[in-house]
Each structure stands twice: as structure tokens, then as C-alpha cells.
Amino acid sequence: MPEINHIKKLRNIKSLSINEISKRTGFCWETVKKYADEDQLPKEKITVKKGMMYEEHWGEIVSDWLMEDYALKKKLRRNNKNIFEQLQQLGFPGSYRTVCNYIAEWKDKTLDEADGIKEESERLTHPPAEAQIDFGITEVVQDGKVKDIHCLIMSFPYSNGGLVVPLPAENQECFLEGIKMLFAEAGYVPRKLRLDNLSAAVVTARGRQQETVFTGAFQRFASHYGFEPQACNPRKGNEKGHVENKVGYVRYNFFTPTPVIKDLTHLRDLLREHCKIDHERNHYKKGITISGLMKEEKKYGLAFPETEYPVFKETMVTANKYGEVMIDGKAIHVPNSYHYNKLYLIVYWDHYKVISQHGEVLSKGPRPYMNQTREIPWQSILKNWMRKPRSVVYSRYFPYLPGRIAHYLDIESMKLRKERVHWLISLIIKYDMQEIAERFYELLPMETEERESFHDSIEHPYDVNWNIYDSLQPLNASLIKEEV
């Protein structure tokens, strides 16, 4: 630096030429010209990585492989040697050490000490591949009756996405089977799953002296799929606030008004379509569609294990003297059960099997709660329709009527509509709406207008005119006596 300052001083203060400065200092003409007339400003050093791993496509291939393997269990991941051999098959001209150096640099840049993905500052609150799960109860109409549905909802805070699966109950079998269905719809397994202290997964909630104690079945399930379960503190629903909001969002957007379904499979298809449409809206903050963020989030998730986890519960039961076995609190008759002292009851989320000690299936069928329904309060609804017959076809309950009855009430005449509603009120006390629909033509009354139209119809040419015969008869009995 002193030499540079000396050259600038000779040039700017003493006004010497470049040749004279070169003679006095002994530096070449180009060096003197550079330091005498040009500005020597500091510049940032930009390190450009060179080599085939950065300048060619080999580094990109290795990065993709490492990200794919990160979703698998440790024993299923490729090591450095495997990656190098696969690169050689693609024509890689480099050495094994080059590949190892690149992998070490990728891990140092991408993974933290716990072998997890390093998170950027904006993702600290909601990192990708983390999910929250909770139940929400709603209702549907099936076969003209109200049925309670327990929707298991999984939300993804990073992408603001949500998935829903309908279930008949909230027991352990339904809970675990529902998680499997949600994993299948998501296409991957989340790394962390935050849940409430529901009895299907938690034995003892977190306290001052101990951590959360999960049920053995749920621990085995989580270990098989590789996710980390995280239970909230007691009475701290805000710790899974995203899924709490998603439960309300699903209830008010997917179940209002109450949908009419055929069965749970039909409802599951409807909910899947609702979620697919909902994921096409933009994220409230990131300006990207939710479906696009979910695809990006999938890269950080876990891959499915090779074998599917079977969800069932097996217990030993005995039949009473009537040959009945208690299943879900209800006595179910099992043929020939009195021949065996002990029986095995295997319950799945939707059905059960009773097996003898010799492996013989004695009985199987749907679990009792699969057919639990509630009657729609038609009596009070029909009374309201009597007061306002014009509102019948616009009522939220009108779509729940059987087809025959709905068509019967959908007429222009308000007077006739009111009479027909009154007829239904007289029958609903004795029959339910489905039975009225099945015996519709048997119970249907002959209305006044229909009778008049029947009698006023064109007479058949061979019908007898009874008025002529009536005119031949005497008016009273006194006239008959006089003639005699």
C-alpha cells in the first residue's frame, strides 16, 4: 500500500509523467498507469464454485437423490458408494472423492445436527411436512334419517391445506384407520403429528412430573410409519389452533346444508372432491395455490413403509346363556357360541368377527354403531309447513323427503299443498317418513278434486243411466197404496 500511495503522490502532486514515475520507482509502465490514474476501490469477493458437480448436471442429480432418500428410513438410504456407482452407470467421469465432498457439503448446508431439514426464518412457526389432527362431529342424512359422522381432519399449517375422512366413531380402530386413509390421500407420511389428548391415543396427559404417555397401539403405529407424535398440554387447544380452525371451516363449508349421502364411501368421495376444489385457492399469505404448496411440502415428508399396518383389536369373550356376545355395549347373537367356553372377538373400524378357539368364524357383520341413526323431527317441520305452505319447496328439509313425497308436495296450488301436508301430519304420528314412502299408494287418500274429475269424466257408451230407472219409481209409499 505505501508504494501505491507514493505513485499517486508523484502523479497527482508532483505532476510527473507515467514514464518518469516508472523510471524512478522501477515498476513497469502498466503497473504505474494502473495505480496512478485508476481508482482502487474495494470489491466483494464472489466465490464461484467450479468443478463438474457445479458446472454440469451431476450435482443436481445427486441432490435429487439425497432428497428422495431423506424420505426413507435410514437403512433404505443409499450410501456414498451406491451413489457413486449409479453415477458411473450414467457416465460420470469424476472420482469417488469428488462425490463424497459434494455429499458432505450438501448435508452441511441442508441438514442440521439432528439430521433434520434446516428451516428458514419464515418457516420456524410452521415448517413443512408437519401436520395437526383432530375430530369434528357433524351430521348427514342417509335413507331419510339423520346420522352423526365423526370427521377426522388433518391440516398442514405450512400449506394451509386440509384433508377429511368420515368415520362412524372415535375409538382407537377408527382413529388409526382414519390416519392411514389421510396419509394415503396426502401421498406421504408427515414427520410430526400434533394431536389432542384423546383416549384413542393418550393414556396420561402431560403433567408437571411426567411427559405424555401414549397407548401401546398408537406407539406401535407411529413407530411403523416413522412419524413423531406430539400431544398438546391439557386444555390447550390453541397449541393445535390450525386444525381447530380447519374443523370449523370444514363444518361450515362442506356440511352446510346437511348433505344427503348413500353411505360412508359416497361421503368420502364428496369430501375428497370438496378438498380438491378448496386447494385451488391461493394461500392467504404466500400468494401460491394451496395445491402447489402441498406438492412442495411432499418433498420433505416420509415415504410409506413397505407393508401396511393392520388395524384391529382382538379380545377374548364368552357368550351368555342366550348365545349372545357383547359388542360395543350391545348383545349380538352368535350361533353355536354356547358350545365354546372362550371365543375371540376381532373388531375392525367398521365390522367384527367372532372366532372359535379352532379358528372357525361363528359370526361376522357390521359393528353396531354403523347403523345408528336419528329420526328427522318431521312432525314439527310439517307443522311449520302448514302455516307457510309456500315455503315448502324452499325449505332446507325439502331435499330430505323421499322422492315420491317430494313430488307429491311440489304443486302450484297452495290450497292443495296445504291439504297434502295435513295428510302427512296425520300419518307421521303412526308411521315414519320412509314407511309412508314405501306404502305411499296404499295410504294415499282420494282427494275431493280427483273424485269430482273422476265423476265428471266422459261416460262410457255402455254405462247404465240410473236416473231413468229412478224416474219410474213412485215418490213415496202412500202412492203405492192408492194404486193398490
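User: To start, is cysteine 100 buried or exposed?

Analyst: Keeping in mind that this is a predicted model, cysteine 100 counts as buried, because its relative accessibility is 9% and the cut-off for buried is under 20%.

User: And cysteine 151, buried or exposed?

Analyst: Cysteine 151 is buried too, with a relative accessible area of 2%.

User: Changing topic, how many residues are in the largest nonpolar core?

Analyst: The largest nonpolar core has 58 residues, and among those with the most contacts inside it are Ile133, Leu152 and Ile179. Helix H8, which covers residues 172–186, gives the most to this core, with 8 residues. A second, separate core has 28 residues, including Val141 and Leu382.

User: What is isoleucine 179 in contact with, leaving aside neighbours within four places in sequence?

Analyst: With those neighbours left aside, isoleucine 179 is in contact with Ile133, Leu152, Leu193, Phe218 and Phe221.

User: Which residues are buried in helix H12?

Analyst: In helix H12, residues 290–298, the buried ones are Ile290, Ser291, Leu293, Met294 and Glu297. Seen down the axis of H12, these buried residues fall within an arc of 160°, so they line one face of the helix.

User: What do they pack against?

Analyst: The buried residues of H12 pack against strands S1 (130–142), S2 (145–156) and S3 (161–167), and also against helix H11 (264–278).

How values were computed: Residues numbered from 1 in each chain as written. Predicted model: local features only at pLDDT ≥ 70, side-chain atom pairs only at ≥ 80, totals over all residues. Heavy atoms only, no water. Buried < 20%, exposed > 50% of the residue type's maximum accessible area, 1.4 Å probe, protein only. Core = buried A, V, L, I, M, F, W, Y, C linked by side-chain atoms within 4.5 Å. Helix = DSSP H or I, 4+ residues; strand = E, 2+ residues; numbered from the N terminus. Contact = heavy atoms within 4.5 Å. Arc of directions from axis to C-beta.
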